[in-house]
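Q: Please take a close look at one part of this model. Walk me through how that part is built and what surrounds it.

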Amino acid sequence: MVIPPEIRAELAAHARDEAPNEACGLIVLKNGRAVRYVRGRNTLESPYRFELDVDPEAWFLEDEGFELAVFHSHPEPEPMPSRTDLENIGLWQGKPYVIYGLALDELRAYTIEDGRTREVALT
């Protein structure tokens, strides 16, 4: 998966803006390349978990041939799926799951399926 520098900068800025809570949103992909970021709102306003609220129009982008990846930040720990992430994967099972670690300024991506985590290479 390719996430260009300008979109990485948007993700990091959103994470900083929401700290100490987790930030969340959608990364819009075309052929495995991020083309834009849709900022969401963490309705839980929590540093440990998130519930994504985003403009409903964003969900229709899949009908236009785009893929959606969920994004959220971890203010303190390493950017790896937490137990809470694994338990709450829901509709995102098997889809790109991107985490930005604010403390480490590091971005990683995963897929989570049947409780198993697989890291996805980012460039």
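This is a predicted model: local features need pLDDT of at least 70, side-chain atom pairs count only at pLDDT 80 or more; totals for chains, interfaces and linings use all residues.

A: Residues are numbered from 1 along each chain as its sequence is written, and side-chain values use heavy atoms, with hydrogens and water left out.

Start with the strand order. Strands (E, at least two residues) and helices (H or I, at least four) are DSSP runs, numbered from the N terminus. Two strands pair if DSSP finds at least two bridges between them.

Strand E1 (residues 24-30) and strand E5 (residues 67-74) are antiparallel, joined over six bridges. Leu29 stands opposite Glu67 in E5.

Contact means heavy atoms within 4.5 Å.

The N to O distance is 2.9 Å. A salt bridge puts a side-chain nitrogen of Lys or Arg within 4 Å of a carboxyl oxygen of Asp or Glu. Arg39 is partly exposed, with a relative accessible area of 42%. Buried means under 20% relative accessible area, exposed over 50%, and partly exposed in between (1.4 Å probe, protein chains only).

Now the nonpolar packing. A nonpolar core is a set of buried Ala, Val, Leu, Ile, Met, Phe, Trp, Tyr and Cys residues joined through side-chain atoms within 4.5 Å. The largest core has 17 residues. Met1, Ile3, Leu11, Ile27, Phe71, Val98 and Leu107 touch the most other members. H1, E1, E2, E5, E6 and E7 each supply at least two residues. H1 gives the most, with four. Ile3 has contacts that include Leu11, Ile27, Val98 and Leu107, leaving out residues up to four places away in sequence. Another core, of 16 residues, lies apart from this one and has Val38, Phe50, Val54 and Tyr97 among its members.

Next, a charged residue in the sheet. Arg108 lies in strand E7. It counts as buried, at 14% relative accessibility. Its side chain makes a polar contact of 3.0 Å with that of Glu106. A polar contact is a pair of N or O atoms within 3.5 Å; within protein, one must be able to donate a hydrogen and the other to accept it, and residues adjacent in sequence count only if both atoms are side-chain atoms. Beyond four places in sequence, Arg108 is in contact with residues including Glu78, Tyr97, Val98, Ile99 and Glu119.

The structure holds seven salt bridges. One of them joins the side chains of Asp114 and Arg116 at 3.6 Å, N to O. Asp114 and Arg116 are both exposed. Salt bridges with shared partners join Glu78, Glu106 and Arg108 into one network.

The connecting loops carry some backbone exceptions. Most residues other than glycine have a negative phi, and most peptide bonds are trans. In the loop between H1 and E1 sits Pro20. The peptide bond joining Ala19 and Pro20 is cis, with omega about 15°. Asn31 lies in the loop between E1 and E2. This non-glycine residue has a positive phi of about 55°. Asn31 counts as exposed, at 79% relative accessibility. The loop between E6 and E7 holds Asp105. Asp105 is not a glycine either, yet its phi is positive, about 50°. Asp105 is exposed, with a relative accessible area of 56%.
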